[in-house]
Amino acid sequence: MRVTAGHRRTSTADLFDALVGSYDQTGVAFFAPVAERLLDLATVVPGEHALDIGCGRGAATLPLARLVGPRGRTTAIDLSAKMVAATRALLVQHQLTNAEVHVGDAQRLRVGRGFDVAVASLVLPLMDTPGAALGHWLGVLRPGGRLALSTVDAVDAPTRAVNSLFDRWQPGGIGSPRPISIRPYDGARLLDQLEEAGAADIETVSEAAVLKFADVEEWRRFSMSTAQRAMWRRVPLEEQPAFLQQVADLLSGTGGPDGQLRVEWQVRYTVARR
Ligand SMILES: C[S@@+](CC[C@H](N)C(=O)[O-])C[C@H]1O[C@@H](n2cnc3c(N)ncnc32)[C@H](O)[C@@H]1O
C-alpha cells in the first residue's frame, strides 16, 4: 500500500491520542526539562505573542503562558485531539487564562501571523517535509521573531543497541527505516534546512540529557509512553518478556552508584530569527 501524507498524519494523531494518559507522566524527566531549557534559550519575555507547535501535553505551553504573562498570549496546536484536551485541562487547572489550544496540523498552520516567538519542542522529525515546515513556521513570525526548536541529535550506545532490538520486528526486517519519530535528527541537516528556509541569526547548542530509570520496568513504561510505542506494537505479546530481558541485559551496565539505569541523549537547541 502506498502511504500518503494524509495516512501518516492520521496514524500520528492516533498514536499520540493513545499516549495521552502516560506521555510525560511516568516520572522520568525528559520532555519538561527539554522544553524549559529551550524556553530559557529563546528568552521569552512578558507581553509576547507565542506559538507552541505540536504542544503535546503542554510541556512548553504552560511555561510559555507563565513567561508571556497577562499582557501576552500563547497559542498552541497539536494534531492529536486528546493531547489538545489534556493541555486545555492543565491550563484551566493552573488558572492560565492567556493561552488557547487548538487541533491543527503543523504543516498547514491556521493560527494567524505576526508571532514574536514560535516553539517546536521535539516535533520537527515528525513532519513529512521538515524543510518546508521550517519555512512555514518562520512565515508565521513577525520580522525579527524567533523560532525555537529542540531535536534529539544522537543517542548513546546502550540506547542504539536497544533500538536495534526492535529492528527484528520492522516490516521489511533489519535495515528497513525506523519510524521517523525515534530516529535522531542530524544537526548539520537542520542548520542547512534553516538556512535554505531563510532563517537569520541561527544559534545552536547540543547538550546532554540524562534519563534515569529505577529499573527496566520503569524504562518499559517510559518507552511505551513515547512514540516508541509504535515499535512495541510490532513485538508479538508472547515475545515481550524475553524482549524486556534483553533490554535489561543491555542496560545493566549503565547503572551508577545509585543503582539507577542511565542513558544519555544529545539534545540540540536551536533559535533562529525570521
Ligand atoms: C514528541 S511530542 C512533543 C510534544 C511537546 N512539544 C513536548 O515537548 O512534550 C510530538 C507532538 O507533536 C504532535 N504532532 C505530530 N505531527 C504533528 C503535526 N503534523 N501537526 C501538529 N502536531 C503534530 C504529536 O501529536 C505530539 O503531541
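Student: Where is the place of D24 in the chain?

Tutor: D24 sits in the loop between α1 and α2. The model is a predicted one, in which local features need pLDDT of at least 70, side-chain atom pairs count only at pLDDT 80 or more, and totals for chains, interfaces and linings use all residues. Residues are numbered from 1 along each chain as its sequence is written. Helices (H or I, at least four residues) and strands (E, at least two) are DSSP runs, numbered from the N terminus.

Student: What makes D24 count as buried or exposed?

Tutor: A residue is buried if 20 or more other C-beta atoms lie within 10 Å of its own, exposed if 12 or fewer, and partly exposed in between, with C-beta atoms placed from the backbone. D24 has 21 C-beta neighbours inside 10 Å, so D24 counts as buried.

Student: And why does Q95 count as buried or exposed?

Tutor: Q95 has 6 C-beta neighbours inside 10 Å, so Q95 counts as exposed. Its place is in the loop between α4 and β3.

Student: What is the phi of D24, and what is the phi of Q95?

Tutor: Phi of D24 is near 60°, a positive value in a residue other than glycine. For Q95, phi is near 55°, also positive in a residue other than glycine. Most residues other than glycine have a negative phi.

Student: How do you know that β1 and β2 pair?

Tutor: Two strands pair if DSSP finds at least two bridges between them. β1 and β2 have five bridges, in the parallel sense, and so meet the cut-off. D52 has A76 in β2 as its bridge partner. The chain crosses from β1 through α3 to β2, and this β-α-β crossover is right-handed.

Student: What makes a crossover right-handed?

Tutor: With the strands pointing away from the viewer, the path from the first strand over the helix to the second runs clockwise. The crossover from β2 through helix α4 (residues 81-93) to β3 is right-handed, and β4, helix α5 (residues 130-139) and β5 make a right-handed unit.

Student: What is the strand order of the open sheet, and what leaves some strands at its edges?

Tutor: The open sheet has seven strands in the order β3-β2-β1-β4-β5-β7-β6, with mixed pairing. β3 (99-103) and β6 (200-213) each have a single partner strand, so one side of each is left without a neighbour in the sheet. The pairing of β4 with β5 is parallel, over six bridges, while β5 and strand β7 (residues 261-273) run antiparallel over nine bridges.

Student: Why is β2 called largely enclosed?

Tutor: Five of the six residues of β2 are buried, so β2 is largely enclosed by the rest of the structure. Strand β5 (residues 141-155) has 11 of its 15 residues buried, so β5 is also largely enclosed.

Student: Which residues are closest to the ligand?

Tutor: The closest are F16, G54, G56, A59 and A106, among 23 residues that surround the ligand. A residue is near a molecule if its C-beta atom, placed from the backbone, lies within 6 Å of it. α1 gives the most to this shell, with three residues.

Student: How does the shell divide by residue class?

Tutor: The shell holds 13 nonpolar, six polar and four charged residues. Ala, Val, Leu, Ile, Met, Phe, Trp, Tyr, Cys and Pro count as nonpolar, Asp, Glu, Lys and Arg as charged, and the others, Gly among them, as polar.
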